[in-house]
Amino acid sequence: MIEAIDPSAARFLADLERIRLRAEQAQQQISSGLKVTVPSDDPDHVQDLLVTHAHLDQVVQIRCNLDRAHAEADTAEQALAEAIKVMDRAAEIGVQGANSITSPETRQTLAAAVQGLLEQLVSLANTQAERRYLFSGDSDQVAPYAVDLAQPNGVSAYAGSAATRQMMHPSGTRFALSHTAQAIFDNSDSTKNIFAAVNALRLALESGPTVPVGDPDYNNQLQAQAQAVEAALTKVRSARDHLSRELAYAGTVQNRVAEAIDFAAKLELRERTALSNLRDADIAAAALELSQARTHQDAALSAHAMVPKRSLFDFLG
């Protein structure tokens, strides 16, 4: 009768397999730099790892969006700052044109200069960043305005739409990026309408006396024109004040975006650290584990080699 084979051989093979798996896992961690590559590597922390990874992806996307918003906010602020300069130049021309001794011919020349300023303002209202019209609201593929001197404001009707787009802050709140060109340049409040004020100044400078010099009514018409230019100048100054407030708002948006980017950077660092703690391997520890596993494997094989061998005949009685 053949007796059962000594179970020590089975234990040896099982122990050897465990040592091999330890060495293989340590080698994989060293090669990949990760201690978790599949769920079975650390089933107790898989959920935490997935949640942390999702949080990190969200923060990275928000920060990417904020970087674009930062460029847009800078461009918008620069456009409004330039518009302030244009309005200051319009005011200077208005002062010159309102002078009672300024001739009709000079006022015509000044009117042409004001028309050029109006065209500059329309161009600034049509400012683009990354092929998007910044002041067109949600219709950012459409230029909001075009010059149209036949209109009371000197421009076409607003071609954009309302601005409902908002930027996500890493904290979870949202904030608007800009006002529309309609609110900034073509406000329904006549004291805030940039286009209307500048066009009114242009028209006042163009509307000189209709009678020749020497006519009894010439001086009266010349004086009336000076008064009209003065009235238009008052509108220009009032509209310029409104534009200053819009510039301040743009600066506030710039600061808001910069603060959000800084917040996102800190949050991203925190999430990356948490993900690293859950996922990344300790290379030094893995190298030590690999060395120990190989040492144990060599020792086990050497010890097993010294065990006396028995053949089938040792079991035959």
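**Entry 1: the overall count.** I searched the whole structure for salt bridges and got 12. I keep in mind that this is a predicted model. Next I picked some of the pairs to look up in turn.

**Entry 2: Arg 63 and Glu 268.** I found a salt bridge between Arg 63 and Glu 268, with 3.1 Å between the closest N and O atoms. Where do the two partners, Arg 63 and Glu 268, lie in the chain? Arg 63 belongs to helix H2, which covers residues 46–98, and Glu 268 to helix H6, which covers residues 218–279. They are 205 residues apart, and I noted that the pair links distant parts of the chain.

I then asked about Glu 268: is it buried or exposed? Glu 268 has a relative accessible area of 12%, so it counts as buried, because the cut-off for buried is under 20%. Arg 63 comes out at 28% relative accessibility, so I wrote it down as partly exposed.

**Entry 3: Asp 88 and Arg 240.** Here I looked up another salt bridge, Asp 88 with Arg 240, where the closest N and O atoms are 2.8 Å apart. Asp 88 sits in helix H2 and Arg 240 in helix H6, so this pair ties together parts that are 152 residues apart in sequence. I checked accessibility as well: Asp 88 is partly exposed at 29%, and Arg 240 is partly exposed at 26%.

Entry 4: How far apart in helix H2 are Glu 92 and Arg 89? I counted three residues, about one turn of the helix. Their side chains meet in a salt bridge, at 3.2 Å from N to O. Glu 92 has 48% relative accessibility and counts as partly exposed; Arg 89, with 38%, is also partly exposed.

**Entry 5: a network.** Which residues are linked with Glu 72 in a network of salt bridges? I listed Arg 132, Asp 140 and Arg 165 as the other members.

**Entry 6: Glu 271.** To finish, I looked at Glu 271, which lies in helix H6. Its relative accessibility is 9%, so Glu 271 counts as buried. What is Glu 271 in contact with, once its neighbours within four places in sequence are left aside? I found Thr 52, His 55 and Leu 56.

Technical notes. Residues numbered from 1 in each chain as written. Predicted model: local features only at pLDDT ≥ 70, side-chain atom pairs only at ≥ 80, totals over all residues. Heavy atoms only, no water. Salt bridge = Lys/Arg side-chain N within 4 Å of Asp/Glu carboxyl O. Helix = DSSP H or I, 4+ residues; strand = E, 2+ residues; numbered from the N terminus. Buried < 20%, exposed > 50% of the residue type's maximum accessible area, 1.4 Å probe, protein only. Contact = heavy atoms within 4.5 Å.
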